[in-house]
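Here's a quick tour of the structure shown below. Keep it open while you read, and click along as the residues come up.

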Amino acid sequence: MKKQIFKLTLGILIGATFLAILCHHLDISKVWSEIKKVDTYWLSLSLTAIVISFVVRAERWRQILKPINPKISLLASWRIFIIGLAGNVVLPFRLGDFFRGTFFARHLNVPVGALMTSILIEKMCDLVFIVLLGGFALFAVPEVGHAEAFHIGGSMIFLIGAIAITFLFCARWLRRPVMYCAEKVLSPFPVKLSEKLLTIAGHVFMALDFLARPLVMTKVMVLSAITWIFEWMTFVFVAMGISSLHRPLGAMVAMPLATLSTALPGAPAGLGTFDFFAEEAMKLIGNSRDASTAYAFLVHAVILGATVILAVLALLGQDLKAPSSANEEEIS
């Protein structure tokens, strides 16, 4: 408990620090004025895009679980997915993912271990496509004096993404050599640390074995690509709605940077970290500070607001009691 309290306190302090840096010398009246002037047409498009993204992510999760329980409906997977996502918004330590992988196992008639493994697969696919979109963005954004650095960075990121995709498809053949090399590399480290890292590596390979069939993996990768394209569009549409953003396509860089920042220890919902990195990305591309700050707050509000509202709707139609017909031994 002390360790968890320490981690929560540290996360809140980190988030508060980034938020304080973001708000330093901030003219709140100017930022609020920028937010009030947002074009509702583009804002409605951004909300539509994020909702579609959530539906596609739920379908991807359903496809991952389909080999275990082909009877799972899209509505059931969407309800539980969005409730878990909202849990990540309001709870620390991404506990929404934990509850989605444990509390709802009986609702989906899927073993807890398989459910947690499916969430790990989601995270790996998400990471790959966020990295790839970030690499593409570095090529696509307007050239504002950073072109050469952007193109070099984009090339390196594309290479990393290509290696990651190859690894996902070929992991079952790479398990032994990778684990052997990992054991050799980690041998000089303290035993507890090396054992922990090897255990994590083992879980990753177990997750990939769970999704080893090329057809299933291809479906999941295609759905992952669609998911993050729509999430990317959410960021771009919000930027298009703020007229004072001279380079709205900077949102193409803001999306991967802000999304990856939520992996840092921070307050629930990425408060502080998400906003800081979204603003920095927009300023880097050549936008004013006030417009960039307004953009960061607005895009974050769109994502969090859509998540919480959809989760409330999902809860209204979700029976939280476990099905009485579930086989407890099988599910646990």
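## The overall picture

First, a caveat: this is a predicted model.

Of its 332 residues, 45% count as buried. Among contacts with a separation of 6 or more, 75% come from residues 24 or more positions apart.

## Salt bridges under cover

The structure has 10 salt bridges. One of them pairs Asp126 with Arg60, with 2.7 Å between the closest N and O atoms. Asp126 sits in helix H7 and Arg60 in helix H3 (residues 40-65), so this pair ties together parts that are 66 residues apart in sequence. Both partners are tucked away: Asp126 is buried at 6% relative accessible area, and Arg60 is buried at 0%.

Now turn to Arg100, which has a salt bridge to Asp97 at 3.4 Å, N to O. These two lie three residues apart in helix H5 (residues 95-102), about one turn of the helix. Arg100 is buried, with a relative accessible area of 2%, and Asp97 counts as buried at 9%. Arg100 also forms a salt bridge with Glu122, where the closest N and O atoms are 2.8 Å apart. That pair links distant parts of the chain, with Glu122 in helix H7 and Arg100 in helix H5, 22 residues apart. Elsewhere, salt bridges that share partners join Arg57, Arg60, Asp126 and Glu231 into one network.

## Cysteines

How many disulfides does a search of the whole structure find? The count is zero. As for individual cysteines, Cys23 is partly exposed, with a relative accessible area of 33%. Cys181 is partly exposed too, at 44%.

Most residues other than glycine have a negative phi. Asn109 has a positive phi of about 55 degrees, although it is not a glycine. You'll find Asn109 in the loop between helix H6 (105-108) and helix H7 (112-140). Is Asn109 buried or partly exposed? With 33% relative accessibility, Asn109 counts as partly exposed, because that value falls between the 20% and 50% cut-offs.

Definitions and conventions: Residues are numbered from 1 along each chain as its sequence is written. This is a predicted model: local features need pLDDT of at least 70, side-chain atom pairs count only at pLDDT 80 or more; totals for chains, interfaces and linings use all residues. Side-chain values use heavy atoms; hydrogens and water are left out. Buried means under 20% relative accessible area, exposed over 50%, partly exposed in between (1.4 Å probe, protein chains only). Contact means heavy atoms within 4.5 Å. Helices (H or I, at least four residues) and strands (E, at least two) are DSSP runs, numbered from the N terminus. A disulfide is a pair of cysteine sulfur atoms within 2.5 Å. A salt bridge is a side-chain nitrogen of Lys or Arg within 4 Å of a carboxyl oxygen of Asp or Glu.
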